[in-house]
Amino acid sequence: MGNRSGKGLITIIVLGVFIILAVVPWFFVVTNLFGIELFTGSDENGDDGYYDELPPYISQPEQEIEDELEDDYTEIPEEVIEEPEPPEEEDDTPQTANDPIANVEMIVNPFSSEHNDIHRELNSIASEHNAVGVGLVAFNGSTGEFYTFEFGFADRENGRRVSVDTQFRVASLTKLVTAIAVMTLVDDELIDLDTDISTYFGFEVRNAHFPGTPITARMLLQHTSSIFDSGAFQVSRDRGSSESVRLLLERGTSFRRNEPGSNFEYTNFGYSVLSALAERVSGKTIDTLAREVIFEPLGIDAAFVAENLYDAENIAVIYNDRHGITRSIESQLNVRETGTPGHDLHLAQGNLYITLLDYARILAMLGNGGSIDGVRILSTAAVREMHITDVEGLAYEQGLATRFSFGDFIPGEGFFWHTGSAYGTFAQYVYNLDRNQGVVVVTTGASISRLPNGMIDICSEMSRIALGLFGYANVDPNDETEYENGDDDE
């Protein structure tokens, strides 16, 4: 009996050892295979489990694994994990009102090379009016054709003749460029043409005789704001830029007794206010603004301050009708800007320096709905707005910085135009918006007379001759009537 029990005990022990040896390894294999965790609890001291660190064959918690994978993912260089972009699909979106953008190759020729008859007539007119210097460009913006004419001297004392590179101070032709700069801000929704300008200035701008009537940017552009060229504004010319637009407005002496928006009165100071408004909302001087939104995009060397030109050596001296120097190159270069918005009172209305070829390109840009040479400057809507003429009671129709006449320049034809005169410079542009054809001309030292509608005689005569190039009839509807006009367009 005792032997049996002893043998039985030995048998049980042998079987137990066998079972342990056979089962335990498989247990660890199975737990490792299925990720069964052992000893992962925390003791009262916060130690993470039974082991100081988990054996390599025991899985870490699932969240820790995900964190490691995320870290590895962010460390992979972007170009390795970046999926290739799908090929661009062709844009079949309908064209907007701003399309297409003109990309016509520019062709520049002097009149003398192909049209000697026109060249001779232009020379004759310049001589008859005793001009010291004349520059003229006729353009067809639709075809990219620009024809140039130069006569006389840009600097007679030093024998420098007028050339296609001559930088003219174009007097009140400046106003159109100022208006274009303002209209870029309208396109950007920084200015609304019919909002009270007090909103932008941060101080109240009111005609004391009509305190309830706001003054708007549209009124400034149309010369209907009731702001006029007061004595205080004129005196400020001699003081340089010591007075600000705000000071002159708050003084209240620069307002007529006309309700804003009701009457036309040509005003240079109104364009000073307009320039100050543009400077206020853009945070840039008018020269910097125009350079960024007009000149640089079109590759134009132009400036409201002569010393800011890249090619200041080609500035034209200004002569009066007795051929005396009224503005030397030195005096023109001495006109500086303060750099303070609202303090440069005599730039935006008449102090633009530009070649006539570049000015003609700006006109061609308008004729093409706001773009030229693949570059858009204005929306087509802004261009249309500029050419709406709804000011009554004038010998011409007034738009935003431009005028319109039908039949009194060339019979049966309508042209937008503007004049400029200051210190002996006489300037004028005329262009047919629909055909995108026109002329810009500047003279110095010429005799002056004006037509009944205010156009300048010498400039109109030369423009009619030049437009003959595009098939316009060379007929003077005024029968050489001379008319002195009191407007002093700076």
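How many of the 15 residues of α11 are buried? In this predicted model, 13 of them are, and the helix is accordingly described as mostly covered.

**Helix α11**

- The 15 residues of α11 should span 21 Å at 1.5 Å a residue, and the end C-alpha atoms are 21 Å apart, which agrees with that expectation.
- At the N-terminal end, α11 is capped by T267, a side-chain oxygen of which lies 3.3 Å from the backbone nitrogen of F269.
- Just after α11 comes G283, which takes a positive phi of about 75°.

**Aromatic pairs**

- Twelve aromatic pairs are found when the whole structure is searched, and one of them joins F264 to Y396 in an edge-to-face arrangement, with 6.3 Å from centre to centre and 85° between the planes.
- Because F264 lies in the loop between α10 (245-251) and α11 (268-282), while Y396 lies in the loop between α15 (380-386) and β11 (397-398), this pair ties together parts that are 132 residues apart in sequence.
- Y396 has a relative accessible area of 10%, and is therefore buried, given that the cut-off for buried is under 20%.
- One aromatic cluster is formed by Y359, F404, F416, Y429 and Y431.

**Charged residues over rings**

- R161 lies over the face of F153, at 4.7 Å from the ring centre.
- K175 is placed over the face of Y271, at 5.8 Å from the centre of that ring.

Note on methods:
Residues numbered from 1 in each chain as written. Predicted model: local features only at pLDDT ≥ 70, side-chain atom pairs only at ≥ 80, totals over all residues. Heavy atoms only, no water. Phe/Tyr/Trp six-rings, centres within 6.5 Å; stacked < 30°, edge-to-face > 60°. Helix = DSSP H or I, 4+ residues; strand = E, 2+ residues; numbered from the N terminus. Buried < 20%, exposed > 50% of the residue type's maximum accessible area, 1.4 Å probe, protein only. Lys NZ or Arg CZ within 6 Å of the ring centre and 35° of its normal. Expected span 1.5 Å × (residues − 1). Polar contact = N/O pair within 3.5 Å; in protein donor to acceptor, adjacent residues only side chain to side chain.
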